[in-house]
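Okay, thanks everyone, let me get the model up on the screen.

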Amino acid sequence: MTEKTRVRVKAGSSAGPTVRPVGQPSQPRPRAAYMRDTKSGVIASRPASLREHRDEVRRIYTRAAGLAMDMLQNSGRLRGAADQILADTVGVELQLNPKPQVESLGYSAEEITALARVMKQHWKVHSWNPLEYDFRAKATNAQHVDIGLRNWMAFGESTGICIYVPKAQRLPGTTTGWKFLLMSPNKLTQDTSEVEGMYQGVIHDALGRPIAYRFEERRDGLPQKVTYAARDADGRQLVMHAFDPFSAEDVRGLSLLVPNFRKYLMAENVDDANAEIRFLQTVYAAILKSDKPSAEAFEAFEAMTAAGAENVGEFAGDVVDYFRAKFDRAAESEIRMGPGAGVSHLAPGEDLEFKNITAPGPENSEFMASLHRETARGLGMSYGGYTLDYTKATYASTNMENSAIWPVTRRRTDRIAAPHQLVPYANVIDEAVEEGIIPIKGGIEVYRANREKFLWATCNGPAKPTADDEKRARAASERIANGSGDLEVECAELGLDPEEVFESRLRWHEKYKASGMPSPFERGQASKAATAAQENANQQGNA
């Protein structure tokens with residue numbers, strides 16, 4: 001009997017029967033998660049890496065500053081935006097208001113007011129005299145604030161140095177020694193050394209605190225690197241470095257325009273393309289249509305001759321003679337679209353058409369407005385202030401724009417513009433106190449021990465913009481009358497010094513009373529509220 005042959009096969013070595021899937025492939029189950037991409041892979045198509053922000057600033061600083069400066073110098077729109085930011089942040093000049101915090105040192109309220117008045121008067125006279133204030137003896141403090149803000153827009157930072165000039169080196173007529181030297185931020189070197197604790201020209205101690213700044217200067221015609229101490233032995237600040245850090249580790253600033261480069265240059269390219277289209281088409285486009293044979297017809301004659309066709313050359317010559325006769329007849333007149341009137345004759349089979357401009361299309365305005373809105377938002381200003389386009393603005397939209405931008409403006413005033421006054425102000429008051437020009441209750445030792453308390457001050461910018469001055473004034477009067485506001489808050493919103501306002505009102509009130517005239521400061525009540533009909537009329541008129 002024949003037995004079936006048996007073969008041993010190792011388990012798992014034989015593939016099973018192939019089973020093909022039937023139907024549509026299964027889709028992954030949707031789930032809630034961060035970074036979940038779309039079917040088009042829009043997130044995956046955008047590569048990104050995480051780097052320390054100060055390293056990124058260092059990598060692009062020079063290129064970004066050069067491009068930002070070029071755009072500010074060659075764009076009327078950006079130059080106007082820069083001037084608008086200056087006007088919103090500073091106005092005519094910053095108002096420095098000394099507020100000595102010396103109640104605990106035995107000063108009464110009247111003594112504090114008198115001390116603040118003396119300090120402010122001394123600073124005003126000093127800051128508006130270039131010989132006393134500026135190391136180069138060329139600019140006032142108000143001009144330095146403007147230059148510093150422009151530097152911040154282009155470089156992302158502003159730098160300056162307080163230098164004491166001995167009497168032997170002072171110019172004739174100069175009585176003070178402390179001067180302020182405003183430096184271009186690109187003079188602050190990009191040198192980096194971990195051994196020295198230096199990063200982009202700023203030298204830090206072991207705890208990460210800035211102790212010195214390295215600038216590149218030209219002395220006797222040669223470039224030299226000079227290191228300036230951040231503070232002196234008494235803790236007095238010598239180097240002003242104003243910038244808006246993005247992260248806690250940032251050492252240098254970056255231009256305000258960097259996030260706007262792409263969209264601004266895109267808008268500029270669209271403007272250039274639209275201008276070129278208009279130049280090419282001018283007011284209309286003229287098209288000459290003709291049924292004469294094109295170059296392809298004569299090339300066909302040549303191909304037929306090469307193929308051996310007979311009498312092709314004679315036929316082509318007859319065609320040329322025919323059109324030569326037409327051209328001779330049409331040459332008696334011309335088509336003229338330049339200056340002067342005339343009648344044009346066309347050759348047989350020709351037609352002259354005029355076409356209107358078809359580009360840019362009707363959607364161009366909305367597209368450009370979208371680009372401008374993004375740029376204006378990145379610059380921290382309103383769309384109307386950036387473009388001067390108020391065609392669709394209403395009373396409500398203008399108020400909302402002002403309310404949204406005003407905190408941004410106040411923030412820039414405090415963080416960027418104010419250091420240009422507060423740093424030199426402290427050193428100037430120090431010198432005046434040390435030399436006995438400003439007397440201090442308790443003597444110089446009390447001042448030295450409580451220097452920061454004596455030098456506390458704030459800076460006010462311009463008034464908050466409004467679409468209706470009457471409503472703002474009525475609201476301010478109502479807040480003061482019902483006790484929800486005070487003169488200091490309302491004056492700060494208008495960019496005024498409350499002490500100066502009070503003294504001015506008191507002086508004029510007494511002058512009115514002394515002359516027998518009714519004083520306008522004796523109202524004692526808020527303005528009369530407007531009726532609903534008047535409010536509606538004002539709203540419709542401003543819409």
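So, which residues of the largest nonpolar core touch the most other members? Keep in mind that this is a predicted model we're looking at. The core has 60 residues, and the ones touching the most other members are L78, L379, Y386, Y425, I429 and F454. As for who supplies it, helix α1, residues 53-74, gives the most, with eight residues. There's another core as well, lying apart from that one: 14 residues, including M183, F215, V226 and V251.

Let me pick F454 out of that list. If you skip its neighbours within four places in sequence, F454 is in contact with P100, V102, L105, Y107, L115 and M119, and also with I440, V446 and Y447.

D430 is in helix α12, which covers residues 419-434. Is D430 buried or exposed? It counts as buried, because its relative accessibility is 2%, and the cut-off for buried is under 20%. And what does D430 touch, leaving aside its neighbours within four places in sequence? The contacts are R236, Y447, R451 and L455. R236 is the one I'd click on: D430 and R236 sit 194 residues apart in sequence, yet their C-alpha atoms are 9.3 Å apart in space.

That brings me to contacts across the whole protein. Take those between residues at least 6 apart in sequence: 66% of them join residues at least 24 apart.

Now over to a sheet. This one is open, with three strands in the order β3-β2-β8, and the pairing is antiparallel. Why does one side of β3 and one side of β8 have no neighbour in the sheet? Well, β3 (178-183) and β8 (239-243) stand at the edges with a single partner strand each, so one side of each is left without a neighbour there. On average, neighbouring strands in this sheet are turned by 20 degrees against each other, ignoring direction. Zooming in on one pair, β2, residues 157-164, is joined to β3 by six bridges, the two running antiparallel. If you want a spot to look at, find Y164, whose bridge partner in β3 is W178.

Last, the overall numbers. We've got 18 helices and eleven strands. The protein has 543 residues, and 34% of them are buried. Its accessible surface comes to about 34600 Å², with 55% of that belonging to carbon and sulfur atoms.

Definitions and conventions: Residues numbered from 1 in each chain as written. Predicted model: local features only at pLDDT ≥ 70, side-chain atom pairs only at ≥ 80, totals over all residues. Heavy atoms only, no water. Helix = DSSP H or I, 4+ residues; strand = E, 2+ residues; numbered from the N terminus. Buried < 20%, exposed > 50% of the residue type's maximum accessible area, 1.4 Å probe, protein only. Contact = heavy atoms within 4.5 Å. Core = buried A, V, L, I, M, F, W, Y, C linked by side-chain atoms within 4.5 Å. Areas by Shrake-Rupley, 256 points an atom, 1.4 Å probe, with all protein chains shown as cover. Pairing = 2+ DSSP bridges. Axes fitted to C-alpha atoms, helices over the stretch in contact; angles between N-to-C directions.
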